[in-house]
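Subject: Structure handover

Hi,

Here is the structure for your files. My notes on it follow below.

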Amino acid sequence: MIECIRKMLRENPLNRANILHHYLPMVGTLSYAGLGIGVIQPSILRRISPRNDLTNFFLTTSIGGSFLYLYDRKHVRKVDSEDRWKLCLFASTMFNLGSLLLWAIIRSGTTDVDAPQFKFFIAVTTAYGLVTLGVKYLDTIDTQIK
């Protein structure tokens, strides 16, 4: 584990750009997974924080992380700075709200399933799949920019 962290810091040293466009988006990705877990299996989050609903925290952090990740993408750097932040905010919000909708549909389809581990697995798997697909989509767009 320590070696993994050292390797990551060698490849992405702590500086302003890496903090904003690498490390904070990673936190956003973790929050995105937490958001999926909270929607599909909310009892897990109630065990972590019985007094506070973490959904809004996870949603805000996930949107923020997605925003910062998008803001530094090659195809977005070419956009006028006034429109750049608006487009990134729109895209990150739509990605997260679309995911919320999917997770709500999954939750309503699994209400009769009394298997919290299965629901946890579904939440984490869909979060991973959607993030992976989204990054691949952005990479495809970036490769078309000269």
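Start with the kink: H2 bends by about 25° at Leu24, shortly before the proline Pro25. The bend at a residue is the angle between axes fitted to the seven residues ending there and the seven starting there. Helices are DSSP runs of H or I with at least four residues, strands are E runs of at least two, and both are numbered from the N terminus.

Ground rules next. This is a predicted model, in which local features need pLDDT of at least 70 and side-chain atom pairs pLDDT 80 or more, while totals for chains, interfaces and linings use all residues. Residues are numbered from 1 along each chain as its sequence is written, and side-chain values use heavy atoms, without hydrogens or water.

**Helix H2**

H2 covers residues 16–40, 25 residues in total. From first C-alpha to last it reaches 35 Å, close to the 36 Å expected (1.5 Å times one less than the number of residues). Asn15 caps its N-terminal end, with a side-chain oxygen 3.3 Å from the backbone nitrogen of Ala17.

Ser31 also belongs to H2. Ser31 is buried at 5% relative accessibility (buried is under 20% relative accessible area, exposed over 50%, partly exposed in between; 1.4 Å probe, protein chains only). Leaving out residues up to four places away in sequence, Ser31 touches Phe58, Thr61 and Ser62 (contact: heavy atoms within 4.5 Å). Phe58 is buried too, at 14%.

**Rings**

There are four aromatic pairs (ring centres of Phe, Tyr or the six-membered ring of Trp within 6.5 Å; planes under 30 degrees apart are stacked, over 60 edge-to-face, the rest tilted). Phe57 and Phe58 make a tilted one, 5.7 Å centre to centre with 50° between the planes. Ring pairs also join Tyr32, Phe95 and Trp103 in a cluster.

**Ser43**

Ser43 sits in H3, residues 42–48. Ser43 is partly exposed, at 22%. Its side chain makes a 2.7 Å polar contact with that of Gln41 (N or O atoms within 3.5 Å, one able to donate a hydrogen and the other to accept it within protein; sequence neighbours count only if both atoms are side-chain atoms). Pro116 is 73 residues away in sequence, yet 8.5 Å away in space, C-alpha to C-alpha.

**Whole chain**

The protein chain has seven helices and zero strands. Its C-alpha trace spans about 50 × 35 × 30 Å along the principal axes. Of its 146 residues, 33% count as buried.

Best wishes
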